[in-house]
Amino acid sequence: MLFLIFFATVINYVDRTNLAVVAPILSEDLGLDRIQMGLLFSAFAWTYAFANLPGGFIVDRLGSRVAYGWSLFLWSAATFVQGAVSGFAALFGLRLLVGAAEAPAFPSNNRVVTMWFPKSERGSATSFYVVGQYIGTAMFTPLLFWVAVTYGWREVFYLTGGLGIIFAFIWFKVYRDPKECKRVSKEELRYIEEGGALTGGVQQADFKWSLVWQLFEHRQIWAICIGKFAISSTLFFFLTWFPTYLVEERGMTMLKAGFFAVMPYIAASVGVLLGGYWSDTLLKRGYSMSVARKLPIVTGFVFASTIFLANFTESNLVAISILSFAFFAQGVSSMSWAIISEVAPKELIGVTGGVCNFAGNLAGIIMPITIGFILAYTGSFSWALGLVGIAAITGALSYTFLLGPVKRIELRHE
């Protein structure tokens, strides 16, 4: 099942980044300016962020198989249709639709890991599927650049959308929760249950807004939300403006940019796997859950803040090395989903994931637009990289001083 959510995450992020890949060609073909492109880059996150709470609720009610399957199909269909647009309004509307449809994805991933893995393996399991967002982008970016240059930007959307539609049918066919899966043995089921996996499903309670509001009485939720915003600030820079940075700020051709754009994603993939392995190793060696989960994340945040150093070099190779190191560090810090698995109330695992992911994806709205305005008024990415670095430092402070002990939240049922 872990491979299924890995491949679903690959498709998820390819459908987010395909617009960034074709942006230099698409903006010229449709006559779009920097501010319009900033709005298009952010459109996905507008609906994605606000749909996370209902998305988490849907996951809790329908389960991962139904919620994730329909989510995959809908966002892929909306991606496919983007290949036929002729102007800003239609493209903006379809990006909004992709964002809304993807909302159940990460709460589903979190639910799958919580049900299928014991506590001692959740860090590595989380890293494995999270790395899909980097490996997928690294693998597909050169291909998508080649498709855009050779065939045109519309074919990029047809290819990525069609791939997701096919995978949606595979998901419906293969995925099952632990106790519904005929391929899992009694010994394996007993092993993951004894390790703390919620194999019997998430506790179902009548949905009450009062339970959701109770989440905000806990500082863990605030700390994770701030941290998710900080992590996503770096991520959304790479997902949106990074190819444009390489072409316009660094003077690279489209094909050369496609080659160099891969390196930070490969570095981030290594960082994600290292973060999960480091965290689980600390746990197995007897460190507390708080130390084991927080130390890799805070360390990653601190080093991710070095992204602004790329402003001080004329060498493209040195700049790419700095950006790759910063994205590697961001990868180490991106295992915050493992902390959500540990602190989410049993009856609101999906909703808690939705709330935290909502906060993270506010960065997807704010960062692309802010960078678009920075470029429009300064003509340079210097302040944009500084802004991303400040966000990373904020995340480190949040996990260090605000998060407190990593333990499951108990809600009051009055």
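Where does glutamate 121 lie?

Modeller: Glutamate 121 lies in the loop between α5 and α6, the latter being residues 122-130. Helices here are DSSP runs of H or I with at least four residues, strands are runs of E with at least two, and both are numbered from the N terminus. This is a predicted model, in which local features need pLDDT of at least 70 and side-chain atom pairs count only at pLDDT 80 or more, while totals for chains, interfaces and linings use all residues. Residues are numbered from 1 along each chain as its sequence is written, and side-chain values use heavy atoms, with hydrogens and water left out.

Glutamate 121 is partly exposed, at a relative accessible area of 25%. That term covers the range between buried (under 20%) and exposed (over 50%), using a 1.4 Å probe and protein chains only. Apart from neighbours within four places in sequence, glutamate 121 is in contact with Tyr191 and Asp280; contact means heavy atoms within 4.5 Å.

Tyrosine 129 is in helix α6. This tyrosine is buried, with a relative accessible area of 0%.

Helix α5 (105-116) is one of the elements packed against by the buried residues of α4, along with α1 (2-30), α2 (34-62), α3 (64-81) and α8 (153-174). The residues of α4 concerned are Leu91, Phe92, Leu94, Arg95, Val98, Gly99, Ala101 and Glu102. Leu91 is also in contact with leucine 26, whose other partners beyond four places in sequence are Leu19, Leu32, Met37, Trp153 and Phe157.

Leucine 26 belongs to the largest nonpolar core, which has 133 residues; Val22, Leu26, Phe237, Phe242, Tyr245 and Leu246 have the most contacts inside it. The largest share of this core, 16 residues, comes from α1. A nonpolar core is a set of buried Ala, Val, Leu, Ile, Met, Phe, Trp, Tyr and Cys residues joined through side-chain atoms within 4.5 Å.

Helix α11 (residues 219-240) and helix α12 (residues 242-249) pack at an angle of about 60 degrees, with their axes 4 Å apart. Axes are lines fitted to C-alpha atoms, for helices over the stretch in contact, and angles run from 0 to 180 degrees between N-to-C directions. The angle makes α11 oblique to α12, since oblique is what remains after roughly parallel (under 35 degrees), roughly antiparallel (over 145) and roughly perpendicular (65 to 115). Phe237, Phe238 and Thr240 of α11 meet Phe242, Pro243 and Tyr245 of α12 in this contact. In α12, 6 of the 8 residues are buried, so this helix too is largely enclosed by the rest of the structure. They are Phe242, Pro243, Thr244, Tyr245, Leu246 and Val247.
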